[in-house]
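Colleague: Can you walk me through the helix packing and the salt bridges in this one? Keep it short, please.

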Amino acid sequence: MGQVHVLDHPLIQHKLTLIRDKNTGTKEFRALVQEVAMLMVYEITRDLPLQEVTVETPVGVASAKVIAGKTLAIVPVLRAGLGMVEGILNLIPGAKVGHIGLYRDPETLMPVEYYCKLPAHLEERDVYVVDPMLATGGSAVAALRAVKERGAQRPKLMCLVGVPEGIRAVQEHHPDVDIYLAAVDDHLNDHGYIVPGLGDAGDRLFGTK
């Protein structure tokens, strides 16, 4: 069974507060989302396996460690997930990046995949699906299904803010997936927005309405 992890590092919580503030402008909002994503992936990758190597330093030979095995794949859900990618790549520049585009069918209200381009050999990678908001859970469920269908063995979901409704939806459809959040908020309002949340992440990232 996948676990829900709320990352309560003080730096994550401090920066998330600034992200929530309605007076935070687009430029600062974008930078803060990148910083929180970087801090979150730092925490999430704490258990990556290591292997022993030797390296020649300027004054001798050292026994040292490097990350072993799988390389990472970051898969943002378009468009808001794009705001988290650069922060992750700043910490893990060797990670591969895929993209999943989804829209909501106006009649069924179900997410429909319109674009999917993923790194090769997904079955050999640790896959992280990223999206700032875990609201109804529909997009996350669809994105996780898409990466699994293309070979991901046990992807992880990384969001800034979620609500119990979205968490339950992911757990119902993908009980094997670990969910990583910076905060769990109270509920969804009648328009599907997280309360208190941080507004529309895509609009705030890209300066649109």
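Modeller: One term before we start. A crossing is left-handed if the near helix is turned anticlockwise from the far one by less than a right angle, and right-handed if clockwise. Helices are DSSP runs of H or I with at least four residues, strands are runs of E with at least two, and both are numbered from the N terminus.

Colleague: Fine. What kind of model is it, and what are the ground rules?

Modeller: This is a predicted model, where local features need pLDDT of at least 70, side-chain atom pairs count only at pLDDT 80 or more, and totals for chains, interfaces and linings use all residues. Residues are numbered from 1 along each chain as its sequence is written, and side-chain values use heavy atoms, with hydrogens and water left out.

Colleague: Which way does α4 cross α5, left-handed or right-handed?

Modeller: Right-handed.

Colleague: And what are the angle and axis distance for α4 and α5?

Modeller: About 30°, with the axes 8 Å apart. Helix α4 covers residues 138-149 and α5 covers residues 164-173. Axes are lines fitted to C-alpha atoms, for helices over the stretch in contact, and angles run from 0 to 180 degrees between N-to-C directions. The two helices α4 and α5 are therefore roughly parallel. The cut-offs are under 35 degrees for roughly parallel, over 145 for roughly antiparallel, 65 to 115 for roughly perpendicular, and oblique for the rest.

Colleague: Which residues make that contact?

Modeller: On α4, A140, V141 and L144; on α5, A169, V170 and H173. Contact means heavy atoms within 4.5 Å. By class, the α4 and α5 contact has five nonpolar residues, one polar and no charged. Nonpolar here is Ala, Val, Leu, Ile, Met, Phe, Trp, Tyr, Cys and Pro; charged is Asp, Glu, Lys and Arg; the others, Gly among them, are polar.

Colleague: Next pair. How do α1 and α2 pack, roughly parallel or roughly antiparallel?

Modeller: α1 and α2 are roughly antiparallel. The angle is about 155° and the axes are 9 Å apart. The crossing of α1 and α2 is left-handed.

Colleague: Who meets whom between α1 and α2?

Modeller: From α1, L11, I12, K15, L16, L18 and I19. From α2, F29, L32, V33, E35, V36, L39, M40 and E43. That contact of α1 with α2 counts eleven nonpolar, no polar and three charged residues.

Colleague: What about α2 against α3?

Modeller: Their axes come within 7 Å and cross at roughly 50°. That makes α2 oblique to α3. The crossing of α2 and α3 is right-handed. On the α2 side the contact residues are V33, Q34, A37, M38, V41 and Y42. On the α3 side they are G83, M84, E86, G87, I88, N90 and L91. The α2 and α3 contact splits into eight nonpolar, four polar and one charged.

Colleague: Switching topic. How many salt bridges?

Modeller: Eight. The criterion is a side-chain nitrogen of Lys or Arg within 4 Å of a carboxyl oxygen of Asp or Glu.

Colleague: Where does R20 sit, and where is its partner D185?

Modeller: R20 is in helix α1 (residues 10-20), and D185 is in the loop between β11 (179-184) and β12 (187-188). They are 165 residues apart. The N to O distance for R20 and D185 is 2.8 Å.

Colleague: Is D185 buried or exposed?

Modeller: D185 counts as buried, at 8% relative accessibility. R20 is partly exposed at 25%. Buried is under 20% relative accessible area, exposed is over 50%, and partly exposed lies in between (1.4 Å probe, protein chains only).

Colleague: What does D203 pair with?

Modeller: R79, at 2.7 Å, N to O. D203 lies in helix α6 (residues 201-206) and R79 in the loop between β4 (72-78) and α3 (82-91), so the pair ties together parts 124 residues apart in sequence. D203 is buried at 19%, while R79 is partly exposed at 35%.

Colleague: And E43, which arginine does its side chain meet?

Modeller: R46, at 2.9 Å, N to O. E43 is partly exposed at 21%, and R46 is exposed at 56%. E43 is also one of the α2 residues that meet α1.

Colleague: Last one. What does L82 touch?

Modeller: P76, V77, H99 and F206, leaving out residues up to four places away in sequence. L82 lies in helix α3 and is partly exposed at 36%.
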